Each structure stands twice: as structure tokens, then as C-alpha cells.
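Please find below a short note for a colleague who has not seen this structure before. The points are numbered and can be read in order.

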Amino acid sequence: MNIAVIGGDGTGPEVVAEGMKVLQAVSKKVGFKYTTKEFDLSGDRYLAAGGNPDAPSIPVVSDAEIAELRAYDAIYLGAVGHPKIAPGILEKGLLLRLRFELDQYINLRPVKLYPGVYTPLKDKEPKDIDFVVVRENTEGIYTGMGGVQYKGTQQEVSTQVNCTTRFGAERAIRYAFEFCRRRNSSKKMLTLVHKTNVLTFAGDTWYRAFMEIGKEYPDIKKDYNHVDACCMWFVKNPEYYDVIVTDNIFGDIITDLAAMIQGGLGVAAGGNINPAGVSMYEPMGGSAPKYTGQNVINPIAAIAAMGMLLRNTGVHKNDSKLIQAGDMVEKAVMATTQKMKSQAAGKMGYSTTEVGDLVAAALA
Ligand code: IPM
Ligand code: MN
């Protein structure tokens, strides 16, 4: 297995280093070989190359680098975001560009409360918070379609198009049904989340695609929630959910809420998946400039992302050793969270590198 590693900005390289530590440990344990190559794709590099911090100027990632990344089995990403660079430049220039160009059309976000992790939801336990959000990752309002007219005047008009295609909805829905079928849960229910009562065009495309494709999955219960109600249920009855499928922006928003109920950005991991191409795994948290270089950031999310990388690469390549390795990493993470005082940066009771050591040791 060949892995491209992008540490990125801020605390990204620190948490990625712990994920690599765990990768090395689990590969010895299970017995598989891998190679890695680091790609310096970061805000610092952009600035050093003369990039304008206030507006997109030079490419954050070159066409040649994207071509090179295509050849890997997986990409492991730390964090994107730099305090000296205006919002949007790195996000669009690196993260969204990779998602779009590598056609990573699924954003997979498991929401699982690990043992010993604090949830702000009173009376909820690990058995109550265990579901997965399948977010469409290449369409919706993320495409950049639209524009602004009469900018800076009283007549300013801006549009941001919610580009929804049957093709895009359909492949996300299909992935979600397949994922739900594979998942080891007794609920076997897929919930479509949208806003069909207001977005009567895009919502309808999703809804009809969901119901039509759903006929091919008689073993899976079909369920629908409006996105606002879904937020309510996340807090009130998270145990209701099994797998959720939703569009890009709704998925973005509900997975931050979901990250909080599973213990925060220190533990939440995600995968940008192209089932037929190269997928990219990342901790959900940002670059955390204020904690950078202090060895206090929580690497659990990045390590869990490595677990996902192994498991999913195993599923897509039909390699049982990688699946086993992914499952072992998750178990080791669950053993480690029980020993930590908190999942918040600086309050873990351990340093970043010590948490990585604990997970590596728990594999043995
Ligand atoms: C995420 C992030 C990104 C998104 C940003 C950084 C562009 O919030 O991965 O959820 O909106 O998708
Ligand atoms: Mn987000």
C-alpha cells in the first residue's frame, strides 16, 4: 500500500506524525508493507512561493502534484488553514480542489462516542451514539457556481447555486445503501436528510432518487428527516440513527454538531472517498494555530482517520489484512480514550506524542 501524506498547516503535521506511528505499529502486528511519501502542501509553502495572502494568486497544489497523487492507494491529510491567509484560499485551493479533482464524491463521517469520552448530552452513553453520516462531497453549493454583480453598491446581488444532479445524488445514495448493508448494526435504516419542504427542486431530485434506488434494497428501512429536525434529534435521540445520507452543505453542518456529541473535534475523523480511485482521510478538526508546536493537540481524530484509511482501503481493495488493521486501530483508540482525562487540547492528561504512544502500545 502506498500512502501520500499531507501534514498541511498548523497542528496537522503533529497529529499526522502520531497516525504514522500507529500505522507502523499495526503494520508490524498484522504483517503488511507500505510506503509513504510526504507532500508539502501547506499555507506556509504558498506564502514562501509568493502567494498573495489576501486573494488566490498562485496554485496551492500544482496539476503535476494532483497527477502524482492519483497514483496512490490513499492520501492521509492533517489540516488545512493558515492564520495569515484569507479564508477560502487554502480551503478551495487545496482541500476542495483535491475532493473535486480526485472525484472523492463521498464524505464519510462515523459518529461514535468512544468509551470514557465526555459527551455534552446528559444520560447518553456509547451505545446511544453510534451512527454514520454519508455526505455528498462534490456538488451542492460547494461547486462555486454563481457570482456577484454590482459589487460594493446598494444594488449588490450574489447567487450561490445549489448544483444538484441526479447522477451525484444517485451515487451518494447508492454508496449509503451499500454501506448500510455492510454495516454491522441491528437497525439497518438509512435516513435521507434534506429540506424538501423548501428546496422543492433539489430536495425532490434527492427524494425521488432515494425512493427509487431504495427499491433495490428491501432489507434496509427507508427514512426521511428534514435537516432542521435532524439537528434536533441528534441532541434529543441520537440512538435513533444508523446511517444518514445527505447533500454537501447539510452534511457539512450536521457533522460538526455530530462531532460535538461524540466528544469534539479532537476525536472526529472523516474520509473523502472515491470508491474507484484514491481516497483521502483526515481528522475533522482544523489547524489550531494557537496550539501549534506545543505537543498538546489531540491526535485521536487523526489516528482514527488512519484506522478508517486502513479499513476502507481494505474494503475497496478486498484486502482482509488491511480491514483487520483498521479494526485493530479503532479498538486501540477505544482502549486509549478510556485512559485520557479529556479529549480537549492541553487537558488530555497526556501530550500529543504520549497519546500516540498509548495507542501504539494498546495494539500489542
Ligand atoms: C469540512 C470542512 C470543509 C468543508 C472546509 C474546510 C472547506 O469544514 O471538511 O467539513 O466545508 O467541507
Ligand atoms: Mn465542516
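1. Helix α5 (residues 166-182) and helix α6 have axes that come within 9 Å and cross at roughly 45°. That makes α5 oblique to α6, because angles under 35 degrees count as roughly parallel, over 145 as roughly antiparallel, 65 to 115 as roughly perpendicular and the rest as oblique. Axes are lines fitted to C-alpha atoms, for helices over the stretch in contact, and angles run from 0 to 180 degrees between N-to-C directions. Helices (H or I, at least four residues) and strands (E, at least two) are DSSP runs, numbered from the N terminus.

2. This is a predicted model, in which local features need pLDDT of at least 70 and side-chain atom pairs count only at pLDDT 80 or more, while totals for chains, interfaces and linings use all residues. Residues are numbered from 1 along each chain as its sequence is written, and chains are lettered from A and ligands numbered from 1 in the order in which they are written.

3. On the α5 side, the contact with α6 is made by R166, A169, E170, I173, R174 and F177; α6 supplies T205, W206, A209, F210 and I213. Two residues are in contact if their C-beta atoms, placed from the backbone, lie within 7 Å. By class, the residues of this contact are 7 nonpolar, 1 polar and 3 charged (Ala, Val, Leu, Ile, Met, Phe, Trp, Tyr, Cys and Pro count as nonpolar, Asp, Glu, Lys and Arg as charged, and the others, Gly among them, as polar).

4. Helix α6 (residues 202-214) also lies across β8 (189-194) and β9, and runs at about 165° to β8. These strands belong to an open sheet of 10 strands with mixed pairing, in the order β2-β1-β3-β12-β11-β4-β5-β10-β8-β9. Two strands pair if DSSP finds at least two bridges between them. The edge strands, each pairing on one side only, are β2 (35-38) and β9 (221-226).

5. Helix α9 (residues 300-317) lies across β3, β11 (269-273) and β12 (279-283), at about 160° to β12. Strand β3 (residues 74-79) runs parallel to β1 (residues 2-8), and 5 bridges join them.

6. For helix α7 (residues 227-236) and helix α8 (residues 248-261), the axes come within 10 Å and cross at roughly 10°; the two are therefore roughly parallel to each other. V227, C230, C231 and F234 in α7 meet F250, I254, L257, A258 and I261 in α8. The residues of this contact divide into 9 nonpolar, no polar and no charged.
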